[in-house]
Amino acid sequence: PYDGPTGDEIMNKRREFLSPSMFYFYEKPLNLVHGKMQYLYDDNGRRYVDAFGGIATVSCGHCHPDVVEAIINQTKRLQHSTILYLNHTITDFAEALASKLPGDLKVVFFTNSGTEANELAMMMARLYTGRHDIISLRNAYHGNAAATMGTTGQSIWKFNVVQSGVHHAINPDPYRGVFGSDGEKYAKDVDDLIQFGTSGKVSAFMSESIQGVGGIVELAPGYLPAVYNIIRKAGGLCIADEVQAGFARTGSNFWGFENQEVVPDIVTMAKGIGNGIPLGAVVTTPEIAQVLTHHNYFNTFGGNPVCTAAGLAVLRVIEKEKLQENARVVGSYLKERLLAIKDKYEIVGDVRGKGLMLGVELVTDSELKTPARAETLHIMDKIKDMGVLVGKGGFYGNVFRITPPLCFTKEDADFLADVMDCALSKI
Ligand code: PMP
């Protein structure tokens, strides 16, 4: 039994000692004390099916024994910076990671977060092309440092940063977007931005392949191939932010961008690649990687032995336990069940996503697509009371985000769908 501080005691200390900017889920936030694979336990020993931990960094499952063992063993052996001395953990993981990427994408730079990875990717693109302008998507989330807050395309995540050289293209959102599912029409907007908003040449285009924070928005079919063409004609590089959609999550492919059959010039990743350990990475070609040799560049903890040992263990677990295949099978099963729920309730406006990255958007009017914000909050609380944790996102806060650890089973999927059905039936 747990005999630590209660949720109220922790809340009081949070109010006093932690940044007031920290937010939490649920009217009465959960006090989690233990995790095991796709399950989380609160201070009363109550078990929850975790259908959101995937985004909050867990890919293999909470406290996966292989990953825990790799972390413990490496911590006992050596934990240090990898900049100045040799150690095999960083090269072992870099080699294994490079083998998962297509084309000439094989040079890895490790960071501690997704923000850092995207900041570095943007800087490299600017150095490589000698240009400044970057195009990203409205509704995107790429991080919260100066440059990435610029490419992030939602006012709710932006502060007063100098957003220099960033142009936000029309979001190719099949549900809410002006051109429906016509990827090529949206791509034309990127061409327009280049022709009318820049010198005609740009440094990069950066996008997620499925928007996560933005509410699990899949890019309209054909969008990325068309945009990559346009960007390359304008001398720019294509950056894929795989922080959420990468690492086997979409099931059909290891990387999200592969679902649109493109090969980026720079790929960034974080979150799930460390299964809870702070780890991010930028992968690019040997030629582009050269730009960082012009001056001195380092990251004290990026790629340290403990984090890279964890990263390698995560990759091995994904392969050993066939988690990509599991994401495909369980994800499509769950999506079928959610689509059936959509048919039952008018408030469910859209069900979308791929593999174990699914979204359920709630609207009070299916024609006008009016965001059902209060209802989403209310139902999310009810779902939690019935033992399932889902996330919430979208600009209007009206999309359930379902991104469980990749070990999620069909039984978990059924439980989640039954609980969601029950909660919706009572609204
Ligand atoms: N890119 C995407 C797609 C993300 O979802 C996030 C985090 N939500 C980031 C980048 C930033 O990652 P971090 O919070 O690790 O800096």
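**Helix pairs and the core**

Hi everyone, let's start with a pair of helices: H10, residues 323-344, and H12, residues 410-425, pack at an angle of about 15°, and their axes are 9 Å apart. Angles under 35 degrees count as roughly parallel, so H10 is roughly parallel to H12. Do keep in mind that this is a predicted model.

Who makes the contact? On the H10 side we have Val330, Tyr333, Leu334, Arg337, Leu338 and Ile341, and facing them from H12 are Lys410, Ala413, Leu416, Ala417, Met420, Asp421 and Leu424. Sorted by class, that gives ten nonpolar residues, three charged and no polar. The crossing of H10 past H12 is right-handed.

Now for a second pair. Helix H6, residues 183-197, and helix H7, residues 223-233, have axes that come within 8 Å and cross at roughly 25°. That angle makes H6 roughly parallel to H7, and H6 passes H7 in a right-handed crossing. From H6, Gly183, Glu184, Tyr186, Ala187, Val190, Asp191 and Ile194 meet Tyr223, Ala226, Val227 and Ile230 of H7. Here the classes come out as eight nonpolar, one polar and two charged.

Val227 brings us to the core. The largest nonpolar core has 121 residues, and Val227, Ile239, Ala281 and Ala310 are the ones with the most contacts inside it. Which helix gives the most to this core? That's H9, residues 305-320, with ten residues.

Last stop, Ile239. Setting aside neighbours within four places in sequence, Ile239 is in contact with Ala121, Ala125, Ala204, Phe205, Met206, Pro264, Asp265, Ile266 and Thr268. Thanks, everyone!

Definitions and conventions
Residues numbered from 1 in each chain as written. Predicted model: local features only at pLDDT ≥ 70, side-chain atom pairs only at ≥ 80, totals over all residues. Core = buried A, V, L, I, M, F, W, Y, C linked by C-beta atoms within 7 Å. Buried ≥ 20, exposed ≤ 12 C-beta atoms within 10 Å, placed from the backbone. Helix = DSSP H or I, 4+ residues; strand = E, 2+ residues; numbered from the N terminus. Contact = placed C-beta atoms within 7 Å. Axes fitted to C-alpha atoms, helices over the stretch in contact; angles between N-to-C directions. Parallel < 35°, antiparallel > 145°, perpendicular 65-115°, else oblique. Left-handed = near helix turned anticlockwise from the far one by under 90°. Nonpolar A, V, L, I, M, F, W, Y, C, P; charged D, E, K, R; others polar.
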